[in-house]
Amino acid sequence: MTMLTTITTTATTTIITVTTTIMTMVTRMAMITATMIMATGMIITDTITRTTIITTRTARHAIMTMTTPTTSTATPIRIVMGRKGADRNKATTPRSPAAAAPDAASVAPAALYRLMTWLSPSFPVGAFSYSSGIEWAVEAGDITNAETLKTWLSALLSDGAGFCDGVLLTHAWRASTTGNDTALAEVAELAAALTPSRERHLETTAQGRAFADIARAAWTCETLERLTSLWSGPIAYPVAVGTVAAGHGVPLDATLHAFLHAQTANWISAGVRLIPLGQTDSQRVLAALEGVVATVAARALHATLEQLGSATFRADLASMHHETQYTRLFRS
């Protein structure tokens, strides 16, 4: 009887052990299957995202090819807005007495002086405290050196905030110059609503408010007063710059190039502090992006508000993730 009990106990133990082993193998197979499904899903998602980006860029460049008049890339940037500058805007902006270029000898030095002052790093709008999500991109490993920073900023300029801000500045400048109050109010409202995240909204409206306040105190102009009377909401940074530049007779093409240069330099400055980079590397990145800035400015100069759009999804996600990032130096 004792031997029978022992045999039964041994058999039961063996069955339990085999059952446990089988269950363990089934569990591992389920985990492997789930991992394969997740990996497949990530590959499919990444493929869809890349396809969407490529399709968006292709469509945008196709539209620009059909609608943008041919311009010479060899034309230098001029502070004086002469006949050539007026002809360039003729296709998209109706001529008016307010849009006529003033005498070159009297406007060029003042226009250059003011433009350099407004977009200087020393102009107190607080630009140094914003990174446009670059801080999170560095922590996530997307930006690790000068080359990856250049690639990130090239996309951000061509298909993200750089192009969008350039278009908004352009339309704010033209609406202010021609006295089109309806168009000015519309572009101000659109610019305030277009930002993809809470921190990007803070970035553009806080700088816009600071720029408008300082300009009103030191360089007041009729166009800025008109903007604040037409629009009581937050003023985006490119709208404030475009409006004030128009009020002081600063040419659009020079304003646009200077704004994009200042924006790019500020992003690079954030990268220098975060990666970190040396000063020489930062200047190499800025030099490498010169052609990108010129191309984006040319596109923005002729783009309509219907052509506004962004395809830099990773940068938008970076600005959203930055809101809950544990350690932060920047406000965006």
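Is Ser132 buried or exposed? Ser132 is buried, at a relative accessible area of 5%. Buried here means under 20% relative accessible area, exposed over 50%, and partly exposed in between (1.4 Å probe, protein chains only).

1. Basis. This is a predicted model: local features need pLDDT of at least 70, side-chain atom pairs count only at pLDDT 80 or more, and totals for chains, interfaces and linings use all residues. Residues are numbered from 1 along each chain as its sequence is written, and side-chain values use heavy atoms, with hydrogens and water left out.

2. Overall make-up. The protein has 14 helices and 0 strands. Helices (H or I, at least four residues) and strands (E, at least two) are DSSP runs, numbered from the N terminus. Of the 332 residues, 42% are buried.

3. Contacts. Take the contacts between residues at least 6 apart in sequence: 83% of them join residues at least 24 apart. A contact means heavy atoms within 4.5 Å.

4. Ser132. This residue sits in the loop between α3 (104-118) and α4 (134-140). Most residues other than glycine have a negative phi, and most peptide bonds are trans.

5. Pro276. The peptide bond between Ile275 and Pro276 is cis, with omega about -5°. Pro276 belongs to the loop between α11 (252-274) and α12 (279-288).

6. Helix α13. Residues 290-302 form this helix of 13 residues. From first C-alpha to last, α13 reaches 19 Å, close to the expected 18 Å. The expected span is 1.5 Å times one less than the number of residues. Its buried residues include Val292, Val296, Arg299 and His302.
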